Amino acid sequence: MTKILAVLEQRDGALRKVSPEVVTGARRLADALGGTVEAVVCAAGTVQGTDQMGRFGADTVVTLTAPAFAKYSPEGYAQAIAERVTAGGHAAVVFSASATGKDLAPRVAARLGVALAGDVTDVAVEGGKVVAMRPVYAGKAVLKVKVTGTPAALSLRPNIFTPVERPKAGTAETVAVQVPAGRVVVREIKAAEAGALDVAEAQIVISGGRGMKEPGNFKVLEELALAFGGRAAVGASRAVVDAGWRPHADQVGQTGKTVSPTLYIAVGISGAIQHLAGMRTSKVIVAINKDKDAPIFKVADYGVVGDLFEVVPKLTEEIKKLHG
Amino acid sequence: MKIACCLKRVPDSETRVKIGADGKSLDEAGVKFVLNPYDEFAVEEGLRRRDKAGSGEVAVVCLGPAAAQETIRTALAMGADRGVLLQTDKIPTDGFETAKVLAAELKDGGWDLILCGKVAIDDSSHQVGPMLAELLGLPCVTAVAHLEIEGTKGVAEREIEGGIEVVEFPLPAVITADKGLNEPRYPALKGIMAAKKKPLEVKPVQLGAGGIEVLAMTLPPERKEGRIVGEGPDAIPELVRLLREEAKVL
Ligand SMILES: Cc1cc2nc3c(=O)[nH]c(=O)nc-3n(C[C@H](O)[C@H](O)[C@H](O)COP(=O)(O)OP(=O)(O)OC[C@H]3O[C@@H](n4cnc5c(N)ncnc54)[C@H](O)[C@@H]3O)c2cc1C
Ligand SMILES: Nc1ncnc2c1ncn2[C@@H]1O[C@H](COP(=O)(O)O)[C@@H](O)[C@H]1O
């Protein structure tokens, strides 16, 4: 029976949001190939949320445990997953193209001696082979590629593969693995401000650009984010990151993060091609800009022409009413 | 310190994409090519490390067409010591093939540090650095935005969702550079002149077929023509209605 491996992610003993997305992508391949999905997660102990993966189509959920897995261990994870695939003969290995997945997937692919189709936005099976769509040239073109080798290694762009309910057994199993501590060791994770949601993970992203005029004015956007409850994060254009108004972690675009939220609100951002590279796969885009000819309006589903300092507070007020 | 930097020649980020006649690749007519922006961070870091150590060299290696000599000259003009062009007509779509060629060139080189960009902005593969490290059996830290090296011990910081990972590793190692690692210098006129005389070795290479076959390149689905909802704060109630009832995102 054809087996697909879905590589889940955890931090501090809880599954990350990309995990059901990876199971959903793997399930799609398994259904097309008439196979099963084995989900694996590397951890030091039990992981919260693994019991939910059956819902999205995992036939089994295996926790690979080792003391070195209390934090991400690049070499340990790579070894454990590569060994699992070599022993299990999986037809495909599916990762998330998260920060960790981008680090891990190429290591595993190289150990298996196969190619990696990275950061894909769609997967399917044609003629028994995995095909995938990959945005290239900063999203200005899309490649349709066939993964010819076996196993096919893929990483899925976060937030694109909306988890789909496809109940399977999700039988849990824990396997202790022997891995060396590894030469590359994660010492600590300096957490971003408590409660601050990462732009790459938020359902709603409100980004500010040079039109914000000065750093203090970002509070206008933070208030709007607050009005949306815990679902919104505040992002930034490169212009304001370079000016030191906002941290690089918040930058959206070619040299920042690629985001695909349900709703992206660009405020005082002109819409340079390098900014669009990071947000054009958002489901719905709203632009607020005082210049009616700003290029951002060309990609926005809805635009409001006007002074952001008048428009945004009004939006905050209306959203508060909705959630009030 | 003996340092190698891997460089890719890529279309400038402003490039207007036109699909080539084969329907599978970029039409390169009129396209301006540049050194991959993340590789500028890699070169800059190499130069600073070399100069801090007071001895050693920065060699730059590029797999690409003959025209990539220009890309290598850019790095030489920044201050790198010598270049190697691994010449091929076509850069493979499969990053693992690239990694294999680079590994064959760099193995047994006695490098203290091999620097790559975190990603090439053309095909956004995010993979050559860590694959190269695996092939060479070296430790690797990717997407590094801050780096400290003391003797043969390194500490790197990399951005992850919601935080910064602090990673320790021993040298020799492969590091891939993210924005924030440093401020790359612009080549000065003197550097540009000097670069013309620096050694640039050209070696033809043979590539494997690879495990990724391009079936088609297309322009992205056009976003549906958007609309201006209105002007000023008065447009907000209508915007909110559209977001709820039409887009169904609220
Ligand atoms: C290699 C490379 C990589 C890059 N990577 C990135 C990247 O990752 N991300 C990124 O964002 N950029 C990136 N850039 C930079 C990009 O080209 C633009 O310079 C940048 O996005 C511009 O930022 P901005 O829209 O905030 O500023 P501007 O272009 O200055 O736009 C400001 C906008 O605010 C509007 N405005 C001003 N006042 C008001 C007001 N009161 N109310 C409403 N609107 C107002 C103006 O009409 C204008 O449209 C990159 C560039 C290069 C060359
Ligand atoms: N053809 C190439 N020649 C030399 N180095 C390359 C080449 N392709 C990729 N690299 C290196 O690998 C990094 C990441 O590229 P990629 O994995 O293609 O996104 C680049 O920033 C370069 O440092």
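Trainee: How do helix 2 and helix 3 of chain A lie to each other?

Mentor: In this predicted model, the axes of helix 2 (residues 74–88) and helix 3 (residues 99–112) of chain A cross at roughly 45 degrees and come within 9 Å. The two helices are therefore oblique to each other. Angles under 35 degrees count as roughly parallel, over 145 as roughly antiparallel, 65 to 115 as roughly perpendicular and the rest as oblique.

Trainee: How are the axes and the helix limits defined?

Mentor: Axes are lines fitted to C-alpha atoms, for helices over the stretch in contact, and the angles run from 0 to 180 degrees between N-to-C directions. Helices (H or I, at least four residues) and strands (E, at least two) are DSSP runs, numbered from the N terminus.

Trainee: Left-handed or right-handed, the way helix 2 of chain A passes helix 3 of chain A?

Mentor: The crossing of helix 2 and helix 3 of chain A is right-handed. The near helix is turned clockwise from the far one in a right-handed crossing, and anticlockwise by less than a right angle in a left-handed one.

Trainee: Which residues make the contact?

Mentor: From helix 2 of chain A they include Tyr77(A), Ile81(A) and Val85(A), and from helix 3 of chain A they include Leu104(A), Val108(A) and Arg111(A). Contact means heavy atoms within 4.5 Å. By class, the contact of these helices has nine nonpolar, two polar and four charged residues. Ala, Val, Leu, Ile, Met, Phe, Trp, Tyr, Cys and Pro count as nonpolar, Asp, Glu, Lys and Arg as charged, and the others, Gly among them, as polar.

Trainee: What about helix 4 and helix 8 of chain A?

Mentor: The axes of helix 4 (residues 219–227) and helix 8 (residues 308–323) of chain A come within 9 Å, crossing at roughly 15 degrees. That makes helix 4 of chain A roughly parallel to helix 8 of chain A. Their crossing is left-handed. Leu221(A) and Leu224(A) are among the contact residues of helix 4 of chain A, and Ile319(A) and His323(A) among those of helix 8 of chain A. The residues of this contact divide into eight nonpolar, two polar and two charged.

Trainee: Over to chain B: at what angle do helix 3 and helix 4 of chain B cross?

Mentor: Helix 3 (residues 95–106) and helix 4 (residues 128–136) of chain B cross at roughly 50 degrees, with axes that come within 8 Å. That makes helix 3 of chain B oblique to helix 4 of chain B. Helix 3 of chain B passes helix 4 of chain B in a right-handed crossing. Phe96(B), Leu102(B), Met131(B) and Leu135(B) are among the residues that make the contact.

Trainee: How much area do chain B and chain A bury between them?

Mentor: Chain B and chain A bury about 7,100 Å², with 58% of it on carbon and sulfur atoms. Buried area is the accessible area (1.4 Å probe) that two parts lose on being put together, summed over both. Glu161(B), Lys179(B) and Arg223(B) supply 12% of the area that chain B buries against chain A, more than any other three residues. The contact takes 85 residues from chain A and 76 from chain B.

Trainee: Which conventions apply?

Mentor: Local features need pLDDT of at least 70 in this predicted model, side-chain atom pairs count only at pLDDT 80 or more, and totals for chains, interfaces and linings use all residues; side-chain values use heavy atoms, with hydrogens and water left out. Residues are numbered from 1 along each chain as its sequence is written, while chains are lettered from A and ligands numbered from 1 in the order in which they are written.
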